[in-house]
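Please keep the sequence and the coordinates at hand while reading.

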Amino acid sequence: MKRSKIFLTASLGLGLAASVVSLPSASATSAKTADTQVSTATSIAAYEASGENQAATKAFFEAVMKSAKAKQAKTGSLAVTVTYSARRAPTFASQIARSTQIWNSAVRNVQLREGSGSYDFEYREGNDSRGSYASTNGHGRGYIFLDYRQNQQYDSVRVTAHETGHVLGLPDRYSGPCSELMSGGGPGTSCTNPYPNAQESSRVNQLWANGLTAFDKGSFLKDAR
């Protein structure tokens, strides 16, 4: 049976040239160190988000929120629980666990939990010239793809935490400093900060407290700069 499929991607990076899979260990940087690692015209060029990619990230977030909110309505819980599966990304099990722990400690209105049965999104791994990205098929299901080569060149926990930020509703901001998690690879390969800053955490809390209305006027695309 032929089915049409909408394939949307929100890419963190494009075309990294590393050829050997060897994941580096992540180390948290202090705020002072992170702020000194800023984006340059050269580093931003490799990570510039297109309008299509920005719209794809928004679509992924909307799909995940709708799924999680529907389950919340049945349980009456104050905090929304977003469930995920890491079964298809075994190489990144520790990075995924660390990234979700970081986000769960940083926000209160939404929590990430690994699901044993149904789930709102999943992590996948493999090789892709587009690097790591968040994707949705347009039907309420999405996944985070973790690219082997990109995770060799860039800090793997930062990459995973950044992509998980898209699940929670944050757009790319490649021009930001290393202290901004959603600046992604803009600050360069030396940036190893995997933590959202206070503004990023606050925005996630607001989004998950107020629902999808925060995006009704296109603020998601406006902020992706």
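In α6, the residues Ser156, Val157, Arg158, Val159, Thr160, Ala161, His162, Glu163, Thr164, Gly165, His166 and Val167 are buried, where buried means under 20% relative accessible area, exposed over 50% and partly exposed in between, with a 1.4 Å probe and protein chains only. That is 12 of the 12 residues of α6, so the helix is mostly covered. Helices (H or I, at least four residues) and strands (E, at least two) are DSSP runs, numbered from the N terminus.

This is a predicted model, in which local features need pLDDT of at least 70 and side-chain atom pairs count only at pLDDT 80 or more, while totals for chains, interfaces and linings use all residues. Residues are numbered from 1 along each chain as its sequence is written, and side-chain values use heavy atoms, with hydrogens and water left out.

The length of α6 can be checked against its residue count. At the start of α6, a side-chain oxygen of aspartate 155 comes to within 3.3 Å of the backbone nitrogen of valine 157. This is a polar contact, that is, a pair of N or O atoms within 3.5 Å; within protein, one must be able to donate a hydrogen and the other to accept it, and residues adjacent in sequence count only if both atoms are side-chain atoms. Just after α6, glycine 169 has a positive phi of about 110°.

What joins cysteine 178 to cysteine 191? The two are joined by a disulfide, with an S to S distance of 2.0 Å; a disulfide is taken here as a pair of cysteine sulfur atoms within 2.5 Å. The torsion about the S-S bond is about 85°, so the disulfide is right-handed. Both partners count as buried, cysteine 178 at 0% relative accessibility and cysteine 191 at 2%. By the rule given above, the count comes to one disulfide.

Proline 187 also lies in the loop between α6 and α7. This proline is buried, with a relative accessible area of 9%. Proline 187 and tyrosine 174 are 13 residues apart in sequence, and their C-alpha atoms are 7.7 Å apart in space.

Charged pairs come next. The structure holds four salt bridges, a salt bridge being a side-chain nitrogen of Lys or Arg within 4 Å of a carboxyl oxygen of Asp or Glu. One of them links glutamate 180 and arginine 173, with the closest N and O atoms 3.6 Å apart. Glutamate 180 is buried at a relative accessible area of 13%, whereas arginine 173 is partly exposed at 23%.

Another salt bridge joins the side chains of arginine 88 and glutamate 122 (3.3 Å, N to O). Arginine 88 belongs to strand β2 (residues 80-88) and glutamate 122 to strand β4 (residues 121-126), so this pair ties together parts that are 34 residues apart in sequence. Arginine 88 is partly exposed, with a relative accessible area of 41%, and glutamate 122 is buried, with 5%. Arg88, Glu122 and Arg124 are linked in a network of salt bridges. The side chains of aspartate 128 and arginine 130 meet in a salt bridge as well (2.7 Å, N to O); aspartate 128 is buried at 13% and arginine 130 is partly exposed at 26%.

Aspartate 120 lies in the loop between β3 (110-114) and β4. This aspartate is buried, with a relative accessible area of 1%. A polar atom of its side chain lies 2.8 Å from the backbone nitrogen of threonine 83.

Finally, the whole chain. The protein has eight helices and six strands, which run β-α-α-α-β-α-β-β-β-β-α-α-α-α from the N terminus on. Of its 225 residues, 53% are buried. Contact means heavy atoms within 4.5 Å; among contacts with a separation of 6 or more, 71% are between residues 24 or more positions apart.
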